[in-house]
Amino acid sequence: MHSLANDISSYGQSPFDTLFESIAQDLIDKGYSIQSKALPIDLSEILHYHLINMPEYKFSEAAIGRQHNQQHNDDIRNDEIAWINGESPAGVRWLQWTQALQVYLNRRLFLGLFSFESHFAHYAPGHFYKRHVDAFKGDANRVLSLVTYLNPQWSASDGGELIIYQNPGDRAGLKVAPEFGTLTVFLSEEFEHEVKPAKRDRYSIAGWFRLNSSTPDKVDPPQ
Ligand code: OGA
Ligand code: MN
């Protein structure tokens, strides 16, 4: 049946609203959301195809810190990354989808998310990212972290879990297997997390929704 009421109620909604609402509700209840194999399948496949055809030179050793404070520290992380800047059709599709999530979360939770930055990450076998937070309290910069995985046929014995610690004293943490299309979202300042070594090459996209921290004499830089 088609009615005006339906037209009005669906106005401005995206086909991903069920997933976005589930993420929003989890953020309210717990501050994090783990959505198993939830990234739209066509988007996952486009990103995966793009990734496996990306030349190695597009990747560079990941750093810690931002801007002028960047350092390479292989004891903390040794993945390789490639920033997604919308130069490829796959990157554009990804940024459209994350933009729709940003709009939804801003409407629903009044988060004031202003921008989004993200990169592909490749963890070679044995590589890791030690326990860390993505943003420090007071920096009011990265607000929400988002991670998704592009590893078809991942099995438990491959390792490579993302461990999310629920508080600083938590030793066990929650384990997220880096399975194709699994999506994790968490408050960047609140949750320490870590990437365990894997037996296989492990591919993820990590991204951050940020507040605008521009001031009159300093334009908020990306990355
Ligand atoms: C990061 C990160 C998690 C992952 O890049 O900051 O924590 O599972 N990545 O790849
Ligand atoms: Mn992180």
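Over the ring of which residue does the charged end of R131 sit?

**View 1. Charges over the rings of Y165 and Y123 in a predicted model.** The ring of Y165 has the charged end of R131 over it, 3.6 Å from the ring centre. R202 lies over the face of Y123, 5.0 Å from the centre of that ring. A charge sits over a ring if NZ of Lys or CZ of Arg is within 6 Å of the ring centre and within 35 degrees of the ring normal.

**View 2. The tilted pair of W83 and W208.** Nine aromatic pairs are found in the whole structure (ring centres of Phe, Tyr and Trp, the last by its six-membered ring, within 6.5 Å; planes under 30 degrees apart are stacked, over 60 edge-to-face, the rest tilted). The centres of W83 and W208 are 6.4 Å apart with planes at 50°, so this pair is tilted. W83 belongs to strand β3 (residues 80–83) and W208 to strand β11 (residues 202–210), 125 residues apart. W83 is partly exposed at 28% relative accessible area, whereas W208 is buried at 7% (buried, under 20%; exposed, over 50%; partly exposed, in between; 1.4 Å probe, protein chains only).

**View 3. The stacked pair of W94 and W97.** Because their planes meet at 25°, with centres 6.1 Å apart, these rings are stacked. Both W94 and W97 are buried.

**Conventions.** Residues are numbered from 1 along each chain as its sequence is written, and side-chain values use heavy atoms, without hydrogens and water. In this predicted model, local features need pLDDT of at least 70, and side-chain atom pairs count only at pLDDT 80 or more.

Key:
Chains lettered and ligands numbered in written order. Helix = DSSP H or I, 4+ residues; strand = E, 2+ residues; numbered from the N terminus.
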